[in-house]
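Welcome! Take a look at the structure shown here, and then we can walk through its pockets, one of its sheets and a single side chain together.

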Amino acid sequence: TARRLGANIVGVVDHDADAAARLAAMAPHAQSATSLSAFSGNPIDVAHVCTPADSHVRVALELTAAGIHALIEKPLAETTEQTRLLVEAFEGKKLFLCPVHQYAFQRGMDATLNALPEIGPVKRIAFDIVSAGGGTVSADFDRIVGEIVPHPLAMLQRLLPAMNLTKLRWNVTRSEAGEWLLATSHDGTMITI
């Protein structure tokens with residue numbers, strides 16, 4: 001997608017050298033490395049961070065130190081404090097920081113938004129999300145849900161642009177690890193995730 005949009009991919013960093021090489025081979029002239037420092041001296045405008053959420057802060061701070069803008073897969077960080085730290089670090093260096101919420105900008109969402117004027121007022125929005133990739137360690141299930149929930153929240157902001165997510169009062173039910181039900185309402189619209 002980056003190449004299709006005109007980006008020149010200069011490198012791939014992964015702690016697994018073989019994985020980095022395999023991915024870099026998919027982009028003409030891209031180099032692979034096991035650390036960002038291997039690219040010092042090369043002009044890098046922006047990095048796309050696709051690592052597990054628990055590494056986002058470390059990787060993002062490396063990018064700010066190198067003066068590189070960042071697109072970071074959701075969630076941006078694991079806690080509010082970490083998110084604040086990253087926002088302040090990027091603002092302090094006058095660098096662009098953007099969490100990636102791709103579902104909100106896919107064709108299906110665009111089609112839905114285009115159809116809304118014909119449908120009329122939206123009274124109910126429900127997101128049912130099932131992950132088959134969670135494995136069997138129940139300790140990871142809540143983390144996986146936490147990484148998925150930003151997607152419907154980003155879609156909600158496109159569907160109801162006047163809604164302020166930070167002002168909503170959510171009712172959260174957790175029946176067991178990885179099983180969450182979030183419910184709220186906004187301006188006559190019932191919302192569940």
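Which helices and strands each supply at least two residues of the lining of the largest pocket?

## The largest pocket

Please keep in mind that this is a predicted model. To take up the opening question, strands β1 (11-13), β3 (46-49) and β5 (97-100) each supply at least two lining residues, and so do helices α1 (17-24) and α2. The space in this largest pocket comes to about 1900 Å³. Its lining has 47 residues, and the closest to the pocket centre are Gly 11, Ala 47, His 48, Val 49 and Cys 50.

Next comes the second largest pocket, with a volume of about 680 Å³. Here 22 residues form the lining, and Pro 75, Thr 83, His 101, Pro 150 and Leu 153 are the closest to the centre. Two or more lining residues come from each of α3 (80-92), α5 (141-148), α6 (150-159) and β8.

Which element gives the most to this lining? That is α6, with 4 residues. By class, the lining of the second largest pocket divides into 12 nonpolar, 7 polar and 3 charged residues.

## A four-stranded sheet

Strand β8, which lines the second largest pocket, also belongs to an open sheet of 4 strands. The strand order is β6-β9-β8-β7, and the pairing is mixed. At the edges are β6 (124-126) and β7 (171-176), each of which pairs on one side only. From one strand to the next, the twist averages 10 degrees.

Inside this sheet, β8 (residues 179-186) and β9 (residues 189-192) run antiparallel to each other and pair over 4 bridges. For a place to start in your viewer, find Thr 184, which stands opposite Ile 191 in β9.

Helix α2 covers residues 56-66, and His 56 is part of it. Is His 56 buried or exposed? With a relative accessible area of 1%, His 56 counts as buried, because that value is under the 20% cut-off.

Leaving aside residues up to four places away in sequence, His 56 touches Val 49, Thr 51, Ile 72, Glu 73, Lys 74, Pro 75 and Leu 76.

Notes
Residues are numbered from 1 along each chain as its sequence is written. This is a predicted model: local features need pLDDT of at least 70, side-chain atom pairs count only at pLDDT 80 or more; totals for chains, interfaces and linings use all residues. Side-chain values use heavy atoms; hydrogens and water are left out. Buried means under 20% relative accessible area, exposed over 50%, partly exposed in between (1.4 Å probe, protein chains only). Contact means heavy atoms within 4.5 Å. Two strands pair if DSSP finds at least two bridges between them. Axes are lines fitted to C-alpha atoms, for helices over the stretch in contact, and angles run from 0 to 180 degrees between N-to-C directions. On a 1 Å grid over the protein atoms alone, a cavity is a set of points where a 1.4 Å probe fits but cannot get out, and a pocket is an open set with protein on both sides within 12 Å along at least five of seven lines; lining residues have an atom within 4 Å of a point. Grid points are joined across faces, edges and corners, and a volume is the space filled by probe spheres set on the points. Ala, Val, Leu, Ile, Met, Phe, Trp, Tyr, Cys and Pro count as nonpolar, Asp, Glu, Lys and Arg as charged, and the others, Gly among them, as polar.
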